[in-house]
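Please walk through this chain with an eye on its aromatic rings. Begin with the overall layout and the confidence, then turn to the side chains.

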Amino acid sequence: MCCIKHIYHEFFIHSRSFLVFVFVCGDRAGHETTSNLLTWTLYAASQQPEIWLKCQQEVDSILGRESIDYESLKKLQYIEAVLDESLRLYPSAPLIARQAVKEHTIGDGIVIPVGASILIPIIVAHQNAEQWKDPSVFNPDRFLEKTRRHPAAFIPFAAGPRSCIGMVSCSSQ
């Protein structure tokens, strides 16, 4: 209990890192999805104190005691990786729903007819062991590596013309 109180006191009360998480998350999407992202990110990072420390060090080294603005937030690469990893493990939307506009044949001759409803489980793509080493482990460093993955391996905002509008504000960072 003492450790939890110490983490709360040091990180949440006296740390600008918490404010940075709020600002960066706030630029990502709508209110509910933003609060979900922040909640899951803080939960996941709280399970690994070294992640808290890296976030704090990045904020201190890049922002120092300067004011926080959008230009300085763009420099926070590790925090961005922490948020992406949180979205990978805990996507805001569990499914993407689409409707087939033309007939498709996939796999071993499976036909998807025009008008068929298609549900794409984001969590399955985000935890595909062929695309992600140790897919159930929270590891923000995977987003700092220059690894080539399938374009649909990470789709927290869906993809294509019907992707989430939150992605536009997120990519403006």
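This is a predicted model: local features need pLDDT of at least 70, side-chain atom pairs count only at pLDDT 80 or more; totals for chains, interfaces and linings use all residues.

Residues are numbered from 1 along each chain as its sequence is written, and side-chain values use heavy atoms, with hydrogens and water left out.

The chain has 8 helices and 4 strands. These are DSSP runs, numbered from the N terminus: helices are H or I with at least four residues, strands are E with at least two. Along the sequence the pattern reads α-α-α-α-α-α-β-β-β-β-α-α. Of the 173 residues, 34% count as buried; buried means under 20% relative accessible area, exposed over 50%, and partly exposed in between, with a 1.4 Å probe and protein chains only.

Confidence comes next. The mean pLDDT (the predictor's confidence in each residue, from 0 to 100) is 77 for the chain, and 71% of residues reach 70 or more. A contact means heavy atoms within 4.5 Å. Residues 169-173 also stay under 50, with 14 such contacts.

Now the rings. Phe, Tyr and Trp rings (for Trp, the six-membered ring) pair if their centres lie within 6.5 Å; planes under 30 degrees apart count as stacked, over 60 as edge-to-face and the rest as tilted. The count comes to 5 aromatic pairs. How do W40 and Y90 pair? They are stacked, because their ring centres are 4.2 Å apart and their planes lie at 10°. The pair links distant parts of the chain: W40 sits in helix α3 (residues 31-46), and Y90, 50 residues away, in the loop between α6 and β1 (95-99). W40 is partly exposed at 37% relative accessibility, and Y90 is partly exposed at 24%.

W132 and F154 form an edge-to-face pair, 6.4 Å centre to centre with 75° between the planes. Both lie in the loop between α7 (122-126) and α8 (166-171), so the pair ties together parts 22 residues apart in sequence. Is W132 buried or exposed? W132 is buried, with a relative accessible area of 2%. F154 is partly exposed at 24%.
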